[in-house]
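Colleague: Please put the model up, and then I will ask about its core, one of its helices and the ligand.

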Amino acid sequence: MKIAQTRKLHAAGILPKPAPAQEPEALRERLEALRLPFAAEGLDGLLHESVKQDWNVTAFLDAMLRLELERQEERRVAQAIRISHLPTGPTISNFDFAFQPSVSRSQLQTLSTGQWIREGQGLLLQGPPGVGKTHLVVGLGLRAIETGFSVSFYHLDELMHQLKKDAQLDPAKLKYRKYMAVNLVIIDEFGYQQLDREESNLFFRVVNYRYAKGSSTAITTNKGIASWPSVLADDEVLAGAILDRLLHRATVLNIQGRSYRLKELDAQLQEQTSTTTADSQTTAGSQEPATARGQTSVSADRLAEAGDGEAL
Ligand code: ADP
Ligand code: MG
């Protein structure tokens, strides 16, 4: 009979207390019964280490409990990241602050503590394409999960799809939806598509509910505040009501600078250029490398046009 089953019998006074464990196998069973699976799994290694390093009882217990705590925390973070739908890759640590001087490292460090989420404040990241808005908000989302907050990441169109499906849902059920319930909702790419009246109202419902509840919402956008009515069915009043709730005690990061995507494209093209140059030294009459450079500036212009890059 497993210890988990016999514990109830002991508690009821039906069985005598088990003798102190002499065998690792019995100790492992006790750990599993207490739901300490990582300590149970690591027991052989810990016992081996304890003999090798001549640990006393306190050191052994400490090592065992630390192993369990660390593994449980890793598991919690991994699960929370999976259900948050945060894209993988971007972190605050791998953001190149030198490339984007309009982003303050110390401000990001402050945001990384999660105090703004504890206080239910909002966050707006505004700027043209490629400047790192999504990267930063994803990095902050990860930090928030590590700090213990629940997070959910949506592209605006995914959120809209979900909101339309739930449009007729009973308010008592609606509050359990992830976009209502989590500590931090991230909405990426507001402003790239216009919302019709129904969509604008559904968007307001989320912003309003979260604001009233004191939960944080983070939004990335290429649109300056003045253009928000044009995204929200040309409804100035509704846009005002949304902005009022979003920006009350919010942090606004207005990122102005070069597109990182173009920096990467530039680097690739320069690499191609040097390969072409090397080839041209052996092949008479080959294309001049300026062709590749020309493409870079065309793309740069196109991308600059794509975002209106208005200041707030
Ligand atoms: P935006 O959301 O502003 O359009 P992204 O955050 O999607 O821009 O950035 C575009 C790409 O460039 C992403 O792959 C992102 O990881 C990378 N990137 C942007 N800015 C930086 C930066 N300063 N340091 C490192 N990578 C960056
Ligand atoms: Mg983006």
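Predicted model: local features only at pLDDT ≥ 70, side-chain atom pairs only at ≥ 80, totals over all residues.

Colleague: How many residues has the largest nonpolar core?

Modeller: A nonpolar core is a set of buried Ala, Val, Leu, Ile, Met, Phe, Trp, Tyr and Cys residues joined through C-beta atoms within 7 Å. A residue is buried if 20 or more other C-beta atoms lie within 10 Å of its own, exposed if 12 or fewer, and partly exposed in between, with C-beta atoms placed from the backbone. Val137, Val151, Leu184, Ile186 and Ile187 have the most contacts inside the largest core, and its residues number 40.

Colleague: Which element gives the largest share of this core?

Modeller: Helices (H or I, at least four residues) and strands (E, at least two) are DSSP runs, numbered from the N terminus. The largest share is seven residues, and they come from H8.

Colleague: On which side of H9 do the buried residues lie, the same or opposite ones?

Modeller: Helix H9 spans residues 156-165, and its buried residues are Leu156, Leu159 and Leu163. They cover an arc (of the directions from the helix axis to the C-beta atoms) of only 60° around the axis, so they lie on the same side of H9. In general, an α-helix has 3.6 residues a turn, so residues three or four places apart point the same way.

Colleague: Which exposed residues does the face of H9 turned away from its buried side carry?

Modeller: The buried side is covered by elements including strand S2 (151-155), helix H11 (178-181), strand S3 (184-190) and helix H12 (197-213). The face turned away from that side carries exposed His161, Lys164 and Lys165.

Colleague: Which element gives the largest share of the shell around ligand 1?

Modeller: Ligand 1 is surrounded by 16 residues (C-beta atom, placed from the backbone, within 6 Å of it), the closest being Asp96, Gly132, Thr134, His135 and Tyr260. Helix H8 (133-147) and helix H15 (260-280) are the elements that give two or more residues. The largest share is three residues, from H8.

Colleague: How many buried residues does helix H4 have?

Modeller: Helix H4 covers residues 43-53, and Asp54, with a positive phi near 55°, follows H4. Helix H4 is hardly covered, and among its eleven residues the buried count is zero.

How values were computed:
Residues numbered from 1 in each chain as written. Chains lettered and ligands numbered in written order. Contact = placed C-beta atoms within 7 Å.
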